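Here is a short tour of a two-part assembly, meant to be read with the model open beside you.

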Protein chains: 2
Amino acid sequence: MTGREILRQHINKTVHLNDEQFDYFFSFFKPVSFKKKQSIINIGDTVECEYFVLNGCLKTFVVNAEQKMHILQFATQTWWASDYNALHNYMKATVNLDCVSDADTLCLLAEDRERVCKEIHEVETFLRWRSNKGYIGLQKRILSLLNNDARSRYEELMLQYPELYNLVPKHLIAAYLGVSRETLSRLYHSK
Amino acid sequence: MTGREILRQHINKTVHLNDEQFDYFFSFFKPVSFKKKQSIINIGDTVECEYFVLNGCLKTFVVNAEQKMHILQFATQTWWASDYNALHNYMKATVNLDCVSDADTLCLLAEDRERVCKEIHEVETFLRWRSNKGYIGLQKRILSLLNNDARSRYEELMLQYPELYNLVPKHLIAAYLGVSRETLSRLYHSK
């Protein structure tokens, strides 16, 4: 499938755009490819766009004072990634975004997104539902973190992103789950 | 301020609705008052509406197998509360919602929200931004939980909701932060 087709199918799950509407929206997306480990956003950067992932895997993360990495989110095909706090509040980035693997994306500028939302009501509907889904995903993540059971956190992650099992190095999965590599290793082997 | 005025001011921070548009949207809200400790949503319930808080404080929470309560969110004036996973995905509730104090709210049915979003583009814009803000709030909460430092979690909470200091019993604040009451007590006294 082309990037255009992947985006169209993704949007079609929520709203129907006719050809003219979709082509207009699509005209604002710019293809951008990244290499494994390439940095996309660094803390302190100005953030002007978000990325729709066509293939590969991105991650948003922070590194704390003890040099420990915490992963906020993985983004694989049809996921969106950016620092949304910076993007929506016109602030500097407070999380990093980089590439777990080589990745192809479509990049959308925030100002273009707002413009198309005004012009095409259905695009705004789509983006409202996308945001709702993101909210629900994060709510599940918080409940999972609060419940603090490494096994169920691991199982939830593999259910949510089965492709991660092969795509992502184990130490990054441990950083997402907030467990040590030894704990993760036990979970893998008792699978 | 009346409930109508509180809602109007809240919406006005994001979009401008003219009198006719606002009155139409407002006509779908139903005032509902609750007593302290009253239950609003229980896990397993069908969820049909969300609540805009006019005064008082609600909380969404789960209780784990060891009878330990985890608080997902407090909702005070101008916050919205529901089980959004249930509401958006037409599933049964997976979190509980109840009252930390007596509370007055305005209740909006999901089907009415969707109807008004279709009819008034600006209402959809408002709700998209509300969802974005919610997403960003949860993202901050996750980073705070992952960073796992009780003091900074406590300080962030007090910055986000200064009114909680007087409004919410200490054991509920501990349940939100994911710390013991003893740890919380040390944080209070070293404030």
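Contact here means heavy atoms within 4.5 Å. Helices (H or I, at least four residues) and strands (E, at least two) are DSSP runs, numbered from the N terminus. This is a predicted model, in which local features need pLDDT of at least 70 and side-chain atom pairs count only at pLDDT 80 or more, while totals for chains, interfaces and linings use all residues. Residues are numbered from 1 along each chain as its sequence is written, chains are lettered from A in the order in which they are written, and side-chain values use heavy atoms, leaving out hydrogens and water.

Take helix H9 (residues 181-189) of chain A, where Leu184(A), Leu187(A) and Tyr188(A) are buried (under 20% relative accessible area with a 1.4 Å probe, protein chains only; exposed is over 50%). Viewed down the axis of H9(A), these buried residues fall within an arc of 100°, so they line one face of the helix; the arc is that of the directions from the helix axis to the C-beta atoms. Their cover includes helices H6 (150-160), H7 (164-167) and H8 (170-177) of chain A. On the face turned away from the buried side, H9(A) carries the exposed residues Glu182(A), Arg186(A) and His189(A).

**The sheet of chain B**

In chain B, four strands form an open sheet in the order S2-S7-S4-S5, with antiparallel pairing (two strands pair if DSSP finds at least two bridges between them). Its edge strands are S2 (39-41) and S5 (69-75) of chain B. From one strand to the next, the twist averages 30°. Ser39(B) stands opposite Asp98(B) in S7(B).

Axes are lines fitted to C-alpha atoms, for helices over the stretch in contact, and angles run from 0 to 180 degrees between N-to-C directions.

| Helix | Partner | Angle |
|---|---|---|
| H5(A) | S5(B) | about 140° |
| H5(A) | H4(B) | roughly 145° |

**Where the chains meet**

The axes of H5(A) (residues 121-147) and H4(B) (residues 110-119) come within 10 Å. H5(A) contributes His121(A), Arg128(A) and Trp129(A) to this contact, and H4(B) contributes Arg113(B), Glu114(B), Cys117(B) and Lys118(B).

How many residues of chain B are in contact with chain A? There are 38, in contact with 38 residues of chain A.
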